[in-house]
Amino acid sequence: MLPLEAGAALAGVLGLLVGSFLNVVIYRLPKMLERQWAAECAELAGQAPAAAEPFDLMRPRSRCRNCGHAIRWYENIPVLSYLVLRGKCSSCGTPIGMRYPLVELATAGLFAFCAWKWGITWAALAWCGFAAALLALALIDWDTTLLPDDITLPLVWAGLIGAALRWNGLTLQQSLWGAVAGYLSLWLVYKGFKLLTGKEGMGYGDFKLFAALGAWFGWQALVPIVLMASVIGAIIGIAMKFAGGLREGGVIPFGPFLAGAGLTALVFGPSAILRLIGL
């Protein structure tokens, strides 16, 4: 049996590798979905889909978006390569966004925390997967206002399976009703807002993400999670409005704040969220 510190360190290294892959998922998955939707629209219109090179999470190799330089394996070592290259493409010198190493470090920290809290167990592995999924969803939604079913729906099922195996501290009944309450609560808010204003205040992806959080934490955790997400979302939204940073239409996705509240619940526990926001 590995000592707790060694297990956490090993999980942190795994997190660096997974974080590097998450950067690929965050960038490529929305583009894969756009291609899929375009092909489906062309098919419905009776048109042949446009020919395109294979594009998925593995193909083509990662390249510089400016000059097309294929990234070599030693230029793709998490965090270390970024530091050695001084945050620039080795071919054209174009700056590489700070998000890449930050995602890797955040994933490493979350994985290390899960191993420290649950040890080297299946429960720790499940919570590592939960953390990685939330991190990817938060950034995809921030970039594109999309919460892909490819991640949200497996996250719901994983929460239910985790409860059945007693990996997340819930009974299957608690997890099931947490998922139901999470989905229905935001769906009712959505319907009420639409009836009053004629506008859609959120998307169906938010319902599915909240259902996943209910499946992982139980229905009792939903109120503190949504309160924290709402408070942080309001603060950031107001700050962005005064700074002129709102995107066209003034849209701010809610998913990143739900995901952030879910990660906070993972680290501190749902009840601690109420104390963090002063309730």
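1. Thr 107 sits in helix H3, which covers residues 99–118. The model is a predicted one. Thr 107 has a relative accessible area of 1% and is therefore buried, the cut-off for that class being under 20%.

2. Leaving aside residues up to four places away in sequence, the contacts of Thr 107 are Gly 15, Val 18, Gly 19, Leu 22 and Leu 135.

3. The largest pocket holds about 1,300 Å³ of space. Its lining is made up of 44 residues, and those closest to the pocket centre are Ser 62, Arg 63, Ile 71, Asn 76 and Tyr 100. Two or more lining residues come from each of helix H1 (4–44), helix H2 (80–84), H3 and helix H4 (122–144).

4. H1 gives the largest share of the lining of the largest pocket, with 11 residues. Sorted by class, this lining contains 22 nonpolar, 11 polar and 11 charged residues.

5. The second largest pocket has a volume of about 850 Å³. It is lined by 34 residues, and Gly 201, Met 202, Asp 206, Ile 252 and Phe 254 are the closest to its centre.

6. At least two residues of the lining of the second largest pocket are supplied by each of H1, helix H5 (149–164), helix H6 (172–197), helix H7 (204–217), helix H8 (222–243) and helix H9 (255–268). The largest share of this lining is that of H8, at five residues. By class, the lining of the second largest pocket has 18 nonpolar, nine polar and seven charged residues.

Technical notes
Residues numbered from 1 in each chain as written. Predicted model: local features only at pLDDT ≥ 70, side-chain atom pairs only at ≥ 80, totals over all residues. Heavy atoms only, no water. Helix = DSSP H or I, 4+ residues; strand = E, 2+ residues; numbered from the N terminus. Buried < 20%, exposed > 50% of the residue type's maximum accessible area, 1.4 Å probe, protein only. Contact = heavy atoms within 4.5 Å. 1 Å grid on protein atoms, 1.4 Å probe; cavity = no way out; pocket = protein on both sides within 12 Å on 5 of 7 lines; lining within 4 Å. Points joined across faces, edges and corners; volume = space filled by probe spheres on them. Nonpolar A, V, L, I, M, F, W, Y, C, P; charged D, E, K, R; others polar.
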